[in-house]
Amino acid sequence: ENCDISSKTGSGVGTEGGFVSLSNCIIQRCKRHGVAIFPTLATSINDDDEKSEVRNSKIISNGLSGIYVRGDEQSIFISSTEISANRQYGIVASGGGFVEVCSANSKLSQNGKGTGSTET
């Protein structure tokens, strides 16, 4: 909560099989993704209904995508957040990752390759 994150070598916030909750944060100028959420390397799938969330934040000017979510068990809820000026996409959901955006309160704009992408 209330954080300002940047990274010269990687993603600003990353989790592997975990969950993040960001509120009132600025994630900017990261070499890779602003937020990267990956599945666990363990063989069991996470059965929890937990999901990552980003609220009232800015994810701007990152080297790849603003938010990258990969893996069947990974999901994220985004509300009242600006995702802009990232070199690739604003949001990418890959390999079954799920993204829910409260679009009335969020702004996705001026990302290099567009607002969002889904990859298999």
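The model is predicted. The largest nonpolar core holds 17 residues.

- D4 stands opposite I26 in β4.

**Nonpolar core**
- Among the 17 core residues, those touching the most other members are V13, L22, I27, V35, I59, I67 and I76.
- Three strands, β5 (35–38), β8 (67–70) and β9 (75–79), each supply at least two residues of this core.

**I59 contacts**
- I59 is one of the core residues that touch the most other members.
- Leaving out residues up to four places away in sequence, I59 touches I27, G34, V35, V54, G66 and I67, among others.
- The contacts of I59 also include T81, E82, I83, S84 and N86.

**S79 in β9**
- S79 is found in strand β9.
- Is S79 buried or exposed? Its relative accessible area is 10%, and buried means under 20%, so S79 is buried.
- Leaving out residues up to four places away in sequence, S79 touches V54, R55, N56, C102 and S106.
- V54 is in contact with S79, and V54 is also in contact with I59.

Terms used: Residues numbered from 1 in each chain as written. Predicted model: local features only at pLDDT ≥ 70, side-chain atom pairs only at ≥ 80, totals over all residues. Heavy atoms only, no water. Pairing = 2+ DSSP bridges. Helix = DSSP H or I, 4+ residues; strand = E, 2+ residues; numbered from the N terminus. Core = buried A, V, L, I, M, F, W, Y, C linked by side-chain atoms within 4.5 Å. Buried < 20%, exposed > 50% of the residue type's maximum accessible area, 1.4 Å probe, protein only. Contact = heavy atoms within 4.5 Å.
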